[in-house]
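Hello,

Here is the structure we spoke about, handed over for your use. My notes on it follow below.

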Amino acid sequence: MVWARNIVVKSAEEISLMREAGRINALALQATRELLQPGVTTAELDEAANEVIRKHGAKPAFLGVPGAYPYPATITASINDELVHGIPGKRKLKEGDIVSIDCGTIYEGFVGDSAYTAGVGEISTEARRLLEVTQRALEIGIARLRAGNRLGDVGAAIQQYVENEEGYHLTREYTGHGVGREMWEGPQVPNYGYPGRGFKLLPGLTIALEPMVLIGTARTRVLPDEWTVASADGSLTAHFEHTVLVTENEPVVLTVP
Ligand code: MG
Ligand code: MG
């Protein structure tokens, strides 16, 4: 399914608010990253992100998102085979885990959305390669977020790298998206596609690009908590995301400190 609606070109003033939302969101993610070590709970990471967001007069964007029940936290924390939407709690991170932290911030009515995956202490060679490939996939996609390119150009470049060159898998069930006054605006931004196809990018669009990579297969399953999405086969997964402004020239990453 492709969402063809709710595609919003932002004004200069709106972009400056999104830049601030993105900056605060980056600081919140940074606070979680500084705490990553064996023994820390994902609830503690959540609290750290929440504190940074509130301190800057902003609000967590994920809290209360509708689902099987309203999303109960500021961040999502997805460990190892968990790909996205893991709910923070008492679970302690262990040496060798990889954890994906996704966070959204609303500032003056505008949303910044960004995620990273990182290792806890020493991680396996396989895990390290997965993180490198997923982060690189995001960079490859961002480089193609230029006015005049089509979404198929973006998705195809990510897919070519992750699946054809590296032999990993991209979920077809979750995608990137436009972002602005709402966390999910159009267009839908798949991490796969055909060059020259799909929506043509316009200057002033703000896109949350987010490759989600799985080692084993592209298939996912939802855990009994009804939020957490994990790989169907239990293999490791990773997720990186930035909110990016499309211009006629270089793309501008908004979710940076
Ligand atoms: Mg996100
Ligand atoms: Mg997103």
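**Metal site and aromatic contacts**

Asp 113 is buried, with a relative accessible area of 2%. Please keep in mind that this is a predicted model.

Asp 113 coordinates both the magnesium ion (ligand 2) and the magnesium ion (ligand 1), which are 3.2 Å apart. Distant parts of the chain are linked here: Asp 113 is in strand β5 (residues 110-119), and Glu 241, 128 residues apart from it, is in the loop between β13 (237-239) and β14 (242-245). Glu 241 is also buried, at a relative accessible area of 0%.

The aromatic pairs come to two. Tyr 69 lies in the loop between β1 (59-60) and β2 (75-79), and Trp 227 in the loop between β11 (220-222) and β12 (229-231), 158 residues apart. Tyr 69 is partly exposed, with a relative accessible area of 30%, whereas Trp 227 is buried, at 11%. Tyr 71 and Trp 227 also pair edge-to-face, 5.0 Å centre to centre and 80 degrees between the planes. Tyr 69, Tyr 71 and Trp 227 form one aromatic cluster.

Two arginines sit over tyrosine rings: Arg 33 over the face of Tyr 116, at 4.2 Å from the ring centre, and Arg 172 over the face of Tyr 192, at 4.9 Å.

Regards

How values were computed
Residues numbered from 1 in each chain as written. Chains lettered and ligands numbered in written order. Predicted model: local features only at pLDDT ≥ 70, side-chain atom pairs only at ≥ 80, totals over all residues. Heavy atoms only, no water. Donors = N, O, S within 2.8 Å, 3.2 Å for Na, K, Ca; no water. Helix = DSSP H or I, 4+ residues; strand = E, 2+ residues; numbered from the N terminus. Buried < 20%, exposed > 50% of the residue type's maximum accessible area, 1.4 Å probe, protein only. Phe/Tyr/Trp six-rings, centres within 6.5 Å; stacked < 30°, edge-to-face > 60°. Lys NZ or Arg CZ within 6 Å of the ring centre and 35° of its normal.
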